[in-house]
Every structure is written in C-alpha cells, then in structure tokens.
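Please look through the sequence and the model shown below, and then read the report, which goes through a few parts of the fold one after another.

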Amino acid sequence: MTTKTKQKWIYGFGAGDADGDASMKNLLGGKGANLAEMASLGLPVPPGFTITTEVCTAFYDNDRNYPDGLEEQAAIALKQVGDAVGMAFGDKQKPLLVSVRSGARASMPGMMDTVLNLGLNDETVMGLATLSGDERFAYDSYRRFIQMYSDVVLGVDHHVFEEILETYKEGRDYFLDTELTAQDWQSVIASYKEAVEKALGKPFPQDVNGQLWGAIGAVFGSWRNDRAETYRRLHNIPEAWGTAVNVQAMVFGNMGETSATGVAFTRDPSTGENAYYGEFLINAQGEDVVAGIRTPQTLTKRAREAMGETAPSMEEAMPEAYVELTAVFEKLEKHYRDMQDIEFTIQQGKLWMLQTRAGKRTAKAALKIAVDLCEEKLISEEEAILRIDAQSLDQLLHPSLDPDAPRDLLLNGLPASPGAASGEVVFNSDEAERLSQEGRKVILVRVETSPEDIHGMHAAKAIVTARGGMTSHAAVVARGMGRPCVCGAGDLKIDKGGEFLTVAGRKVTKGEIVTVDGGDGKVFLGEVATVQPELSGSFSKLMGWADKARRMAVRANAETPQDAQVARDFGAEGIGLCRTEHMFFDADRIVAMREMILAETKEGREAALTKLLPMQRSDFEQIFQVMRGLPVTVRLLDPPLHEFLPHSDAEIEEVASSSGMDAEKLKDRAHKLSEFNPMLGHRGCRLGVSYPEIYEMQARAIMEAACNVADETGEKVTPEIMIPLVAKHEEFEFLKARVDAVAIAVLKERNVKLNYLVGTMIELPRAALTANEIAKEAEFFSFGTNDLTQTTFGLSRDDSAGFLPDYMRQRIFEHDPFVTIDEEGVGALVKIAVEKGKQTRPNLKLGICGEHGGDPQSIRFVEALGLDYVSCSPYRAPIARLAAAQSKLAEK
C-alpha cells in the first residue's frame, strides 16, 4: 500500500542553510528564493520560512481558505525559527517577533502589504523590554506594530495613528519620534488601542497566533488590491503567478545608536555608475527610511560630500558595519552577476541581510550596467543584450521632463508618443504652421487629427487629442515624426470657436502655455523644464552587439527626407512603409490634387496628375538620396479621395475663392465622395481600379526618381512598389500589370537597368486566407497589422480607445490589440499568409509595417514566423533592433 506524500507548503531558510535556492523563484517568489540563496551563501540572514505561491493559488481557488496541512507545517517552521534564535513565539520572557512580507516572482516594490514586529502584545512587550534591557525600544516597537497591523490587517486608516502621535508630540514640544521616552510610548499605545476599539468595536488582538494568520491573510489578500492589479497590468505580470509570504525573525534597527536600517544599490540605479548608492537611518526600522518622517543619511562619504549633507554617512558613522556591508555587496553582485537592490539592518553593531534582488534602474543605467558587466567578464554580450528591456529605450530617444521640476497637472490621456515639449496652445493646423514659421513653439490640440492636419502636426512641438487610441492617426504620425503625443484625453472639451479648452472646470485659452509628457500621457499647465536625451557610448556598443545577434532586418516608416534621415541615424536598414498621401497636403499640391478629384473625365484627371508628377518625383528623389543603397517600400495612394476635399461650407468657400474653383461643384463632389464607412470604402487598390491613372502617375514618379538618383550617385536604388488593401488576386494582377508597364517604359526611355519589386500590403483577412493566389504575382508581402487588426476584430482603432480599458480591466483583452499583436486571431492570419505565400513563391519577401513592428512582444512573434524584416517609426528603430536580437537569442 502506497502512502500519499504530503504537499510541501513551507520552505525554511537561515543559520547557513535553506530548503530552497534562487532558481525556485516561481515557487518561493523573488524575495523567498533570494533569502534562501543568501542563507546558503553563508550571509547573515535572520531565520524564517516562505509560504509558497501555490498556497496563494489555493487560497483564491478555495474562497480564501488555506490548504490542508499548512497550519501544521507553519507551526513546526515557526518553532524551528524560535529554536534558531533561542526564543519562542508568544513566550512572555523570550518572545520571538517576526515580520510578514509578500514576495512575488517579479519584483513589485511597495504594491503589497508588510507587517513588522508581529508577536507583541501587552505581556510579550514586557518580556522584550527585559530581554533587550531597553524599555523605550520595546514600547516603540509595540506602537509600530499596533499602527501597522491595524492599518494592513484590521483596516483602520494609518492617518488615525499619525494624528494621535502628532498631537501628543505637539503637546510636549517634541519634534522627532526619537525624543519620546518609554513612558511617552506607553501613553501613545493606550491612545492607539482606544482608537482601534472605537473603530472596530473590539479591542486590539492579543493572541499572537491570531495575529500571525491575520497578517498572512492580509498579504495574500493584497495580491489582488487595486495598486497591485494596476502594477501587474502595466508590467504584464500574470495574476496566476500569485505571491509567496515570508515569515522571518525580526532584527531591530531601533535598538539605540549602534543600530540602524538601510536600503542600498551596488551601482547607481539612475546613471549606472559603478558606485554604491543608498540611504540609512540610525535607531530606526525599515519603514522610517521610505516614510520620509526622518531624513535618511547617505551610505558613502563621497555621496554625502556630493550632496552637501552634514549628517555623517554610514561609512563615517559605522565604519566597521560599512566595511562588512561592502564585502556583502561584492559577494552578491559577483554571485548574481547583476546590480543588486539590498535591504539591511544593523542590530547593536551586527549586520543582517533582509533582502536582495535585481535593482530597478533607468534605461540609461541599464545600458551602462549591462555593458560594464560584460567588460568586467561577469556576463556575455548575449546576456547583456537580454538584460535590457527593449521598450525602455524610449526613455533615451526623446526629451523627458526634469524629475525635479514643479508641475501643475491639467489632464490625463494615453501615452501615445514619448517625449516632452512645451508651447502655446493652438486649435487648428493652419495656425500651428503659421506660428511655427514665426519661430513660436506650439502645441496642437484637436478633437482628433486627420491626414489634412499633417502640416500642423509637423509644425507643432507636441500633439494632444480628445479622441483616438494608441494607434490612431495622431499617435501613428506623431511617433513617426518623433513628436510627443497624448491621445484619448476624454475629459478634454474644445470650444467650437477654437478659442479655448476646458478640463474638469479649468479653462485654458488659445496662446496659453502647456507642457506635454507623451511618455506618461499627461499635460501640465505652464512650462515644465525638460532634459535632453544623451546617447552614451554604452548605447552604441550594445546596439552593435544586438545587430550582430539578430536575423531580421529593421526598417522604418518614413515619408519625408527628415524622417528618412532620422531612420538612418537610428540604424534603420531601409524604409518599410513610405505613405504617399501626406505628400499631397502641401499648399502647392493640394490645389492640383483637388483639380484631379473634381475632373469628370480621364483626360481631366491626367492633366491634373501631370502637374503632380514632378512634385511626386521630387519627393521620392529626396528620400532615395537619403536611403541610397537601401530598399524603400512606397505605398501607393491609400485614403479615400474625400479626405483631400474641404468639408464645411466655410472651408469650401475659402478653397473656392483661393483656387478659382466653383464652390457648388466642390460641394457637390465632396457630397458624392462622402461615405458612411470610409475605412472599408473606396480607398486603396479600389481607387486604383477606378482611376488607374493615379497609380500610373505614382509608378512613373517612383521609377523616374530611382533612375535619377542611381544616375547621380552611382549607388544602388531599390524601389519596392506596394499596392494597398488588396482582397482578391484579380485586383492585384490588374494593377501590377499597369505598374509594370509604366516601370518598363521608364527603364526603356532611360536605357537603365534597375531592379524593382511590386508587392502588396496584407491587411484584410481575405488576402491572408488567399495568399497563395496573390503570391503568384506579388513579389513581397508587407503585413499592415493596424488595418488587419481592425478588420479581424471588426474594431475601429480610433473609436475603441474609449472602451478598450474596460476590456483590459475585465481581462477580456490581456493587451491592447493595436499595440501588441493578437497572436490567436490576427497572428493566425499572418501565419496562414506566410505559409500559403511561401508555398507559391518560396523566395517571397515578408515584412510587417503596422505599429506592431516596433512592439517587442509582436517582434518575438514575427521572428518565430521567419519574416525578413520589421518596419516601425524612425524613433522606435533602436527598440526594434534590440527586440529582434532578443527574439533570435530567445530561440537558442
């Protein structure tokens, strides 16, 4: 007969031994695994035990009840901890006190609950006083416990206790907590207990076992508190991971002038400099360091001098403990091969280690630390690449707000494009352009933007919209231009006359200064100081390593020479999407474009297109010049024609009078072209089928420009002509025949040999499902995942921003599908298209040019599918380069 092995819920650590180690992070959480590891390394770790993350899962699966056997295992573990330190839990003479802390596998600093000094009551506090020989310390610890336990476990607001303490201190002219005597603390404790009984209708709990399980339940319960849930959502931490709970013998930093507590980093987490960084407080407990009640002192003499502080550093005040601590720093950093964030306590001169974990750091610091550790031979180049959060590079590529600058928050929206800028508020694009030409800095504020706002967006230092999501027109264009942008600011109301905006009762008139923080999705009233990005030698070095490691090429989405130059500067290896529609909105072109739209015959359209041809050719020449030697994918005209026409009666009259066009004719044509659902209307290749002369003009402009630049520079120019919104292979074949005819004619006229490709954008489900047919003629596929996501979900990217947060909160969507590719649906269509396309044409070139091309998680997905390149906004090219390298290395 076999006996069932009991589930092990608890793992002990301390006294130079441990049941677990650092590799068991999933089971023990980061804190528990690292405590076990430090104990095994022989470091001074107070003994304790970890309740596993599996208990958290069982706790929630069983209506907040604990699994069988847990309490029995906890009692045994608690006795072992007491034996290790010569004390017993609840004993009146030698009371064991413990801390109860959370510890998820991913660090979530400050998000969950902690209880210190647990095990104190009216009797054990007297035992602690006798044992320590310090009555003041014992009652100080008891009042701390009542305050923390009441707040975390019993739900009595901590402000109640702070008010009692402040009132008591004011009445006796005390300034610091350390001035209170044992008798003072006894008086405060009596008031604390009265407040608890008044709030709860029952006295503060005296049973130490009840205290313990109350604290354990509170920590497990805090896994689902609001701030923890928000943090997990922002950092993509699955709820299913759960948290562990660590119960550990207390060590005391508040036992007089030879005791202290502190937090330290083995390197500077802001700059990455190889210098110790941290703070400590003498005669204090851990929460004092972070609570701001007392000003912490610096760790090192160098830091104290640099900050102009007078209070002695730990290096000066506690030199022996400091030397011991630096030895621990060295040991931990070499062992973990990474910068460590450490919590420590010194109890009557003896150093104790309470926590170590990989330290949170800025992107700038992360780059320097990774490169330095590699050069110190602690990690390899590949490990250095994998150490950097690719998304965090955004911090380095745009100006950011000075963290020390004062600010007055006006509104919140979506962080659509990173960076920070200040300027005067304007409400229309023409005015933005005019003021910019006068040398004034402007912030364009709109309900939403459209392609005809392109000149105003280019002129503005930043863009703010009331509507639209992370991949709305404003967001996509702003990212491409490197402009800070806040979208979807639902509280923003703009006066119809365009003279002022209001937000929650606050009014801002045209011309007032605001500051936009696109990385945080915030707008501030007035000017807030910014700091410019600095790309260090570490950045270049790490990006060089990443380029060696990756397989996929990285291109950029760019439609101006300026965008193209930024793309090259950031390491892009070509242009994956050059949109042509924005080129037609310039003042000298829009008239000819409107003439073409108003023409009722093919001859009339061709006459207008003849005027546009040299302008388009010049556009492409400038881009080919910048990108010479690299491929450039040009998307033929995509938006519906009505977007190029004026809409309101006033706009129509203005255009008519300035261009000499007939106002009624303009109005009639605009009415005829308007559509109920233009996103699925007469756009993309459908325009080319109806008016092939438009695409023929563009093809000629592209090919003539390519010939001219190749002739001028003697370098290879590789145009790739992309036909958008194809649903049926017949559409593509019809238009490719016309593009090829023009291309062959140009090459014959110029007597030039030049390679070019004609391909399509896969952005409709039908195109993905019939990719084998389309690939018979198409020489490349570029996945337009913005529209493919819209058409797969039946979801407007511009209108969904208002309700997508609800879907995220309800966990219907794990990620915004317009930011990170939906692998099950949209991704499945991409996979089908890749497989079917390659069956027909094995050498089919494959890329992605939607916003997903700059998203690290989406890049991992398309790397696995074997795409040849990703294309993203120029400012995201470094992110894509790093993410592509990480994706390739992750396959090893």
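## The open sheet

In what order do the 6 strands of the open sheet stand? The order is β2-β1-β3-β6-β4-β5, with antiparallel pairing, where two strands count as a pair if DSSP finds at least two bridges between them, and where strands (E, at least two residues) and helices (H or I, at least four residues) are DSSP runs numbered from the N terminus. Because β2 (17–18) and β5 (114–118) each have a single partner strand, they stand at the edges, and one side of each is left without a neighbour in the sheet. This is a predicted model, in which local features need pLDDT of at least 70 and side-chain atom pairs count only at pLDDT 80 or more, while totals for chains, interfaces and linings use all residues. Residues are numbered from 1 along each chain as its sequence is written, and side-chain values use heavy atoms, with hydrogens and water left out.

Helix α1 (residues 25–40) lies across β1, β2, β3 (48–51), β4 (98–104) and β6 (243–249), and runs at about 120 degrees to β4. Helix α8 (residues 208–222) also packs on the sheet, touching β3, β4, β5 and β6, and its direction makes about 20 degrees with that of β4. Such angles run from 0 to 180 degrees between N-to-C directions, with axes fitted as lines to C-alpha atoms, for helices over the stretch in contact, and contact means heavy atoms within 4.5 Å.

## Two crossing helices

Two packed helices are described by the angle between their axes and the distance between the axes. For helix α4 (residues 124–132) and helix α5 (residues 135–154), the axes come within 8 Å and cross at roughly 145 degrees. On the side of α4, the contact is made by Val125, Met126, Leu128, Ala129 and Ser132, and on the side of α5 by Glu135, Phe137, Ala138, Tyr139, Ser141 and Tyr142. These residues divide into 8 nonpolar, 2 polar and 1 charged, where Ala, Val, Leu, Ile, Met, Phe, Trp, Tyr, Cys and Pro count as nonpolar, Asp, Glu, Lys and Arg as charged, and the others, Gly among them, as polar.

## Parallel strands

In a regular strand the side chains alternate between the two faces of the sheet. From strand β30 (residues 780–783), Phe780 and Ser782 point one way and Phe781 and Phe783 the other way, and all are buried, that is, under 20% relative accessible area, whereas exposed means over 50% and partly exposed lies in between (1.4 Å probe, protein chains only). Strand β29 (residues 757–762) is joined to β30 by 3 bridges and runs parallel to it, with methionine 761 opposite serine 782. Strand β31 (residues 845–848) is joined to β30 by 4 bridges, again in parallel, and isoleucine 848 is the bridge partner of phenylalanine 783.

## A covered strand and helix

Strand β25 (residues 553–557) is mostly covered, with 4 of its 5 residues buried. It is joined by 4 bridges to strand β32 (residues 869–872), which runs parallel to it, and alanine 553 stands opposite tyrosine 869.

Helix α35 (residues 877–890) is also mostly covered, with 12 of its 14 residues buried. The buried residues of α35 pack against α15 (381–387), α16 (394–397), α20 (537–549), β25, α34 (856–865) and β32.
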